[in-house]
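This report describes one protein chain for a reader who is new to structural work. Please keep the sequence and the model in view while reading.

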Amino acid sequence: MSDTLDRLAEIINARKQASPDSSYVASLQHAGLNKILEKVGEEAIETILAARDVAEGANRDKLIHETADLWFHTLVMLQQLDCSPRQVLQELDRRFGTSGLEEKAARG
């Protein structure tokens with residue numbers, strides 16, 4: 001799984017040099033962080049709605065599609081802020097063996 005995230009991150013990073021007219025990622029990057037955050041929020045809402053539909057008996061395909069969109073736009077956001085999916089995965093690895101309740105309490 002991390003190979004796919006690494007490959008996507010590399011492509012997103014490479015698109016920094018592309019023309020906004022020729023690349024969707026470049027157009028988002030050119031529009032700036034607020035536009036990227038707007039897309040992350042939009043995709044998060046669409047993912048939530050798709051999950052609710054699945055809970056009510058809908059096909060899971062839309063949920064998978066919307067989750068992929070959310071993850072993709074999150075990767076664009078991370079790149080814009082000079083963060084990597086590897087850092088997120090390292091944080092998830094760090095949390096293994098810790099109760100979710102303990103981890104949340106430790107955040108204060």
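The model is predicted: local features need pLDDT of at least 70 and side-chain atom pairs count only at pLDDT 80 or more, whereas totals for chains, interfaces and linings use all residues. Residues are numbered from 1 along each chain as its sequence is written, and side-chain values use heavy atoms, with hydrogens and water left out.

## Overall architecture

The protein chain has six helices and zero strands; from the N terminus on, its elements run α-α-α-α-α-α. Here helices (H or I, at least four residues) and strands (E, at least two) are DSSP runs, numbered from the N terminus. Along its principal axes, the C-alpha trace spans about 45 × 35 × 25 Å.

Of the 108 residues in the protein chain, 25% are buried. Buried means under 20% relative accessible area, exposed means over 50%, and partly exposed lies in between (1.4 Å probe, protein chains only). Contact means heavy atoms within 4.5 Å. Among the contacts with a separation of 6 or more, 53% are accounted for by residues 24 or more positions apart.

The protein chain carries 13 positive and 18 negative charges, and their mean positions are 2 Å apart. Lys and Arg count as positive and Asp and Glu as negative, while His and the chain ends are not counted. The place of a charge is taken as NZ of Lys, CZ of Arg, CG of Asp or CD of Glu.

The buried residues of α3 are Ile36, Lys39, Val40, Glu43, Thr47, Ala50 and Val54. They pack against α2 (24-31) and α4 (61-80). One of them, Glu43, has a relative accessible area of 4%. Not counting residues up to four places away in sequence, Glu43 touches Glu66, Asp69, Leu70 and His73. Just after α3, Gly57 takes a positive phi of about 105 degrees.

## Salt bridges

Side chains of opposite charge can pair when their charged atoms come close. A salt bridge is a side-chain nitrogen of Lys or Arg within 4 Å of a carboxyl oxygen of Asp or Glu. A search of the whole structure finds six salt bridges. The table lists some of the pairs.

| Pair | Closest N to O |
|---|---|
| Arg86 and Asp6 | 2.3 Å |
| Arg94 and Glu91 | 2.6 Å |

Arg86 forms a salt bridge with Asp6. Arg86 lies in helix α5 and Asp6 in helix α1, so this pair ties together parts that are 80 residues apart in sequence. Arg86 is partly exposed, at 34% relative accessibility, and Asp6 is partly exposed at 23%.

Lys35 and Glu38 are three residues apart in helix α3, and about one helical turn separates them. Arg94 and Glu91 both lie in helix α5, three residues apart, which is about one turn of the helix. Arg94 is exposed, with a relative accessible area of 52%, whereas Glu91 is partly exposed at 27%.

## Two individual residues

Leu8 is placed in helix α1 (residues 2-14). Leu8 is partly exposed, with a relative accessible area of 28%. Leaving aside neighbours within four places in sequence, Leu8 is in contact with Phe72 and Leu75.

Most residues other than glycine have a negative phi. Asp82 has a positive phi, near 60 degrees. Asp82 is found in the loop between α4 and α5 (85-95), and is exposed, with a relative accessible area of 67%.
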